[in-house]
Amino acid sequence: MSQALTTAHSVVAPTPLSRRIAATLVIVYALVSMIPLAWILMTGFKTPPDSIAYPPKLVFEPSLEGYCNLFTTRTRQTAEYIESLGPPQSTCDEITRKRDMVIAGPSNYVPRFWNSLVIAFGSTFCAVSLGVLAAYAFSRFRIPLADDLLFFILSTRMMPPIAVAIPIYLMYRKLGLSDTALGMILLYTAVNVSLAVWLLKGFIDEIPKEYEEAAMIDGYTRLHAFFKVVLPQAATGIAATAIFCLIFAWNEYAFAVLLTSGEAQTAPPFIPTIIGEGGMDWPAVGAGTTLFLIPLLVFTVLLRKHLLRGITFGAVRK
Amino acid sequence: MSMATTEEGARGTIADQAARTTAPALTKRIRGLSDKAIAWVFIAPTIVLLLAINIFPLIWTIYLSFTNYQANRPNRPITHVGTKWYQDILSSPDVWAAMQATAHFVFWTILLQTLLGFGLAYLLDRKFRGHAFWTTIILIPMMLSPAVVGNFWKFLYQPQIGLFNTIVSFFTGIPPSSFEMLGSVTLSPWSIIIVDTWMWTPYVMLICLAGLRSIPDYIYEAAEVDRASPFRQFWSITLPMALPFIMLAVLFRGIENFKMFDMVNLLTGGGPGSTTEVASITLKREAFEKWRTGYSSAFAIILFVAVFGLANIYVKALNRVKQR
């Protein structure tokens with residue numbers, strides 16, 4: 001208490017001037033670091049000629065062409081053919097026709113995005129389910145060689161993905177799991193479970209043992225106490241852990257590019273392959289990137305209190 | 001410990017109520033489980049999964065590293081080549097070039113990120129108004145997908161049309177088309193360092209910030225009473241007390257950047273030539289482009305041993321931080 005009192009009139013509190021200097025420098029860094037992201041967002045709303053203009057255009061007329069190109073495939077047609085089609089059906093139709101093209105069909109972006117969702121949520125669900133069980137056991141029971149087992153679990157995360165990818169590639173080819181969502185879910189579960197165990201163990205360690213013991217004295221079995229007392233208490237930790245697993249699976253590229261090529265391909269290996277006529281279609285890439293990054297921005301805001309714990313495998317807590 | 005199983009008959013009302021919600025046969029079986037059994041039932045799935053997806057492949061890799069197996073010719077008879085691949089790798093100038101590229105990348109990214117990250121954390125620790133908001137803004141880059149980010153920085157780095165060259169030329173007066181970040185042998189290693197630093201400085205900052213916040217105020221007050229200069233306070237209190245946290249960040253970034261693949265693969269693909277060919281890119285080229293499965297398995301094992309060594313140090317450091 002006396003400590004709190006002294007801090008109120010602390011001699012070491014930063015002076016207003018040093019605060020203002022610190023604020024200025026930090027804000028400058030934050031704004032500069034946001035430039036690339038702002039540029040991605042802007043490029044998504046440019047027309048292809050604007051996106052490759054020299055010098056780069058800061059002010060431009062916004063266009064939905066990037067988003068249209070992202071979701072469609074187009075073919076070049078003669079002017080007579082386009083005239084014979086009648087009035088355009090949609091905004092995208094109109095934009096496409098201005099370039100002497102017609103929409104041929106939907107692009108692969110939506111299926112790839114869907115794959116990302118299925119694989120990310122599927123693997124997160126599995127990893128957190130397995131992780132919470134193992135974490136509870138490590139937290140509450142005396143397990144022989146617990147430290148070694150925990151280290152083993154962590155060390156699997158330290159392996160370079162490419163090194164593991166060689167045998168996984170061979171194994172999946174034999175089992176018929178290559179390019180399947182199930183194969184990717186299994187793989188990401190295995191990678192994420194180490195993080196889940198380490199993080200959740202930290203969260204469960206913080207729940208007093210007495211809660212379960214009281215429940216067990218009231219006649220709950222160990223399992224009921226786990227499901228009805230520990231799990232609700234650990235809800236925040238489970239949610240934070242789940243978001244970390246989601247982010248990993250959402251962002252993962254190395255395994256995805258080596259083990260999927262069509263059916264189960266996720267968005268990260270797909271986005272760099274978006275090309276237009278004569279080179280990269282940067283507005284479409286910008287649009288695809290923007291849509292792909294939005295969930296991550298939401299996660300960052302949701303997670304800001306638990307970020308530190310997540311990125312250090314639970315080593316540093318606030 | 002196994003209180004529940006013995007006392008359930010006497011005071012089973014709540015348990016019975018709860019039990020009615022689950023299938024009777026299952027409940028009966030579960031009730032019989034001792035704590036020890038539960039512990040193993042809870043841990044086993046995780047261990048089995050890791051054995052199947054991590055350890056079994058690892059053992060297979062070790063086996064393959066002693067053979068001439070090629071994944072694109074599965075029907076060719078396998079011959080054992082002994083430690084030939086290991087000898088080849090350790091004496092190959094290409095591998096040492098890749099190691100050098102990796103070391104250059106790891107060294108500079110860690111140096112820049114530590115300086116910038118600690119600096120930012122030090123400034124944020126002034127707790128000016130709105131510091132929480134700006135912290136969240138600064139953290140955004142590290143949450144993004146390295147692959148997607150690498151792909152987009154490729155656009156920023158385009159000569160002439162790219163934003164990066166334009167900004168550099170705005171401040172220095174060098175014409176924006178006179179240099180190519182990705183195409184030049186001297187600049188391309190720096191292009192990946194810049195992107196990695198942009199992405200991961202927030203990571204180091206966040207850990208350093210925790211370190212600075214962990215220093216209690218009364219130490220500074222005591223120093224103030226002893227009339228220690230601000231400079232002296234920084235060197236004798238701030239830095240040593242934040243050091244374990246900085247080390248933790250450095251080790252973690254070291255391991256991550258040693259394995260670096262996605263961002264570099266999309267940004268430069270290892271080029272031009274092999275100037276940015278870090279170890280993981282070499283491994284990918286050998287394994288999935290040249291299909292030298294045996295050779296690349298041996299390389300994978302060598303990399304794994306190196307990372308495992310780092311991981312060991314990492315866990316020890318981590319425990320030391322925890323004990324504080």
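**Where chain B meets chain A**

Analyst: Let's start with one pair: Asp35(B) and Arg222(A) join their side chains in a salt bridge, with 3.0 Å from N to O. Across the interface of chain B and chain A, the rule finds one salt bridge. There are also nine residue pairs in polar contact between chain B and chain A, with both residues at pLDDT 80 or more. That confidence value matters here, as this is a predicted model.

On the side of chain B that touches chain A, helix α4 (residues 35-64) of chain B gives the largest share, 22 residues. Sorted by class, this side of chain B holds 81 nonpolar, 18 polar and 14 charged residues.

Now for the whole contact. Chain B brings 113 residues to it and chain A brings 111 residues. Between them, the chains bury about 10100 Å², and 81% of that is on carbon and sulfur atoms. In chain B, the most area is lost to chain A by Phe42(B), Met143(B) and Phe152(B), together 8% of what that side buries.

Finally, let's visit a residue of chain A. Phe151(A) sits in helix α8 (residues 146-158) of chain A. Is Phe151(A) buried or exposed? Phe151(A) counts as buried because its relative accessibility is 16%, and the cut-off for buried is under 20%. Leaving out residues up to four places away in sequence, Phe151(A) touches Trp198(A) in chain A, along with Phe308(B), Ala311(B), Asn312(B) and Val315(B) in chain B. Phe151(A) also lies 9.4 Å from Ser194(A), C-alpha to C-alpha, although 43 residues separate them in sequence.

Terms used:
Residues are numbered from 1 along each chain as its sequence is written. Chains are lettered from A and ligands numbered from 1 in the order in which they are written. This is a predicted model: local features need pLDDT of at least 70, side-chain atom pairs count only at pLDDT 80 or more; totals for chains, interfaces and linings use all residues. Side-chain values use heavy atoms; hydrogens and water are left out. Contact means heavy atoms within 4.5 Å. Buried area is the accessible area (1.4 Å probe) that two parts lose on being put together, summed over both. A salt bridge is a side-chain nitrogen of Lys or Arg within 4 Å of a carboxyl oxygen of Asp or Glu. A polar contact is a pair of N or O atoms within 3.5 Å; within protein, one must be able to donate a hydrogen and the other to accept it, and residues adjacent in sequence count only if both atoms are side-chain atoms. Helices (H or I, at least four residues) and strands (E, at least two) are DSSP runs, numbered from the N terminus. Ala, Val, Leu, Ile, Met, Phe, Trp, Tyr, Cys and Pro count as nonpolar, Asp, Glu, Lys and Arg as charged, and the others, Gly among them, as polar. Buried means under 20% relative accessible area, exposed over 50%, partly exposed in between (1.4 Å probe, protein chains only).
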